Amino acid sequence: MAHYQVTVNDEVLHNLFQGDQGVARLLEQILNQILQAQATEQLKADPYERTEERQGYRNGTIPHSITTRVGSLTLRVPRFRTGEFSTEIFARYQRSEQAFVLALMEMVINGVSTRKVTQITEELCGTEISKSTVSALCKRLDPIVNAWNNRSLKDYSYPFLIIDGLVLKAREDGRVRALSLLVGVGINEKGQREILGLKLGDSESESSWTEFFSWLKNRGLRGMDLVISDHHGGLVNAVKAQFQGATWQRCQTHFMRNILGATPKNLQQEVHSRVRNILEAPDMETARLLLQKVFDDFEHKAPRAMGVLEDGFDDATAVLELPERYRKRLRTTNCLERLNEEIRRRERVIRIFPNRESVIRLLGALLMEIDEKWASGHRYFDMTEYLEWAENRKRNSKSLAIIQQIS
């Protein structure tokens, strides 16, 4: 990762809190210094520096305006005599910003909102946004988001798949409709998290989830060993049909809520503690012993809760078959819940999306940026122990099959 030394003059610091443009001028100065530093990196020489490693010469700068939530910035983009200066400042870090502005402006264009939304966009951007600007943003943003959302998944296998859905509202055929946003996160054989894609469905039905899984598989999704999700009839049926051979792990957070929802209030704290011990047991044998003790103590005091516990026990403890170091992060859908919080932050501002395309555009740009941060960050898991465990399990299964054939 490159490190840049940035200096800020006294005038900018003095004006930082003296009006709406203070932050914008500070950001403008910092970004311009970064652009010059990147030019020095690419040319391998400072301005006017004589060196054998020099790769070319500067040819002045050209102004480039970008619109951000802190105001309009004018950046001085370096030019080279031969070749083209390249930077990611204008592309990578503004996708979700552009999508956010675009979704708001589509409301104005489609008559969904009027003066209020216009005021919001002017506050966010510091300038008026025209229809031609909206069209230009569409042309630039949609291909990027769609290419990412439909990229090939063939390079890796994904032993762990975490899936969830949430309900959004969008206008369609002149009416406001509730749509389900389906999202999948995979953990590949290298231990990296990836947002595999997002898709809109009419509901969280079995057919919608089946279509979502088929779409992922057609893009090359393979190697699933454990699928983690909430308990939803249509979702669970689709998982069992589409990922035969994989184990389904019921999210323990949602499972606990279901149990406590069926528990008398005066017993909830004790039941929570006892069930938590079951879910965090070191192995399946211990979990079953603890389960029996809970049944003995609460079968008559909280019969409905014990029925929920008994019905969901096997699915909620499936993760206990894995090596211990992988269980904590795979026992729940918390990884996806954090993504859902980011989605909800945008959705609360928009409230009602103008159409399906704007949903994919805004939320796809957001998830794309999060996915890029994950890719450049630390590995989510060290998969060495898991891969050894999976190989031993496969070898033992083959040996058992041979013995059964002989006998």
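Rings of Phe, Tyr and Trp (its six-membered ring) form an aromatic pair if their centres lie within 6.5 Å, and planes under 30 degrees apart count as stacked, over 60 as edge-to-face and the rest as tilted. By this rule, the count comes to twelve aromatic pairs. The model is predicted, so local features need pLDDT of at least 70 and side-chain atom pairs count only at pLDDT 80 or more, while totals for chains, interfaces and linings use all residues. Residues are numbered from 1 along each chain as its sequence is written, and side-chain values use heavy atoms, with hydrogens and water left out.

**Exercise 1. Classify the ring pair of Tyr326 and Phe381, and explain which parts of the chain it ties together.**

Step 1. A pair of aromatic rings is described by the distance of the centres and the angle of the planes. For Tyr326 and Phe381 the centres are 5.1 Å apart and the planes stand at 70°, and the pair is edge-to-face.

Step 2. Helices (H or I, at least four residues) and strands (E, at least two) are DSSP runs, numbered from the N terminus. Tyr326 lies in the loop between α11 (303-316) and α12 (327-330), and Phe381 lies in the loop between α14 (356-376) and α15 (384-406), so the pair ties together parts that are 55 residues apart in sequence.

Step 3. Buried means under 20% relative accessible area, exposed means over 50%, and partly exposed is in between (1.4 Å probe, protein chains only). Tyr326 and Phe381 are both buried.

**Exercise 2. Classify the ring pair of Tyr386 and Trp389, and say whether each residue is buried or partly exposed.**

Step 1. The ring centres of Tyr386 and Trp389 are 5.8 Å apart and the planes are at 40°, so this pair is tilted.

Step 2. Both residues lie in helix α15, where Tyr386 and Trp389 are three residues apart, about one turn of the helix.

Step 3. Tyr386 has 4% relative accessibility and counts as buried, whereas Trp389, at 23%, counts as partly exposed.

Step 4. Tyr386 and Trp389 belong to one aromatic cluster with Phe160, Tyr326, Tyr380 and Phe381.

**Exercise 3. Describe the largest nonpolar core and say which element gives the most to it.**

Step 1. A nonpolar core is a set of buried Ala, Val, Leu, Ile, Met, Phe, Trp, Tyr and Cys residues joined through side-chain atoms within 4.5 Å. The largest one has 43 residues, of which Phe160, Leu181, Ile195, Leu330 and Leu367 touch the most other members.

Step 2. Among the elements that each supply at least two residues of this core are α5 (131-149), β3 (160-172) and β4 (175-187), while α14 gives the most, with ten residues.

Step 3. A second, separate core of 24 residues includes Met256, Ala281, Phe295 and Ala316.

**Exercise 4. Work out where Gln249 is placed and which residues it touches.**

Step 1. Gln249 is in strand β7 (residues 247-250), and at 0% relative accessibility Gln249 counts as buried.

Step 2. Contact means heavy atoms within 4.5 Å. Not counting residues up to four places away in sequence, Gln249 touches several residues, including Leu226, Ile228, Thr317 and Leu330.

Step 3. The C-alpha atoms of Gln249 and Thr317 are separated by 7.2 Å, although these residues are 68 apart along the chain.

**Exercise 5. State what Lys44 and Asp173 show in phi, and where each is found.**

Step 1. Most residues other than glycine have a negative phi.

Step 2. Lys44, which is not a glycine, has a positive phi of about 60°; Lys44 is found in the loop between α2 (22-43) and β1 (58-68) and is partly exposed, with a relative accessible area of 49%.

Step 3. Asp173, also not a glycine, has a positive phi of about 55°; Asp173 is found in the loop between β3 and β4 and counts as exposed at 74% relative accessibility.
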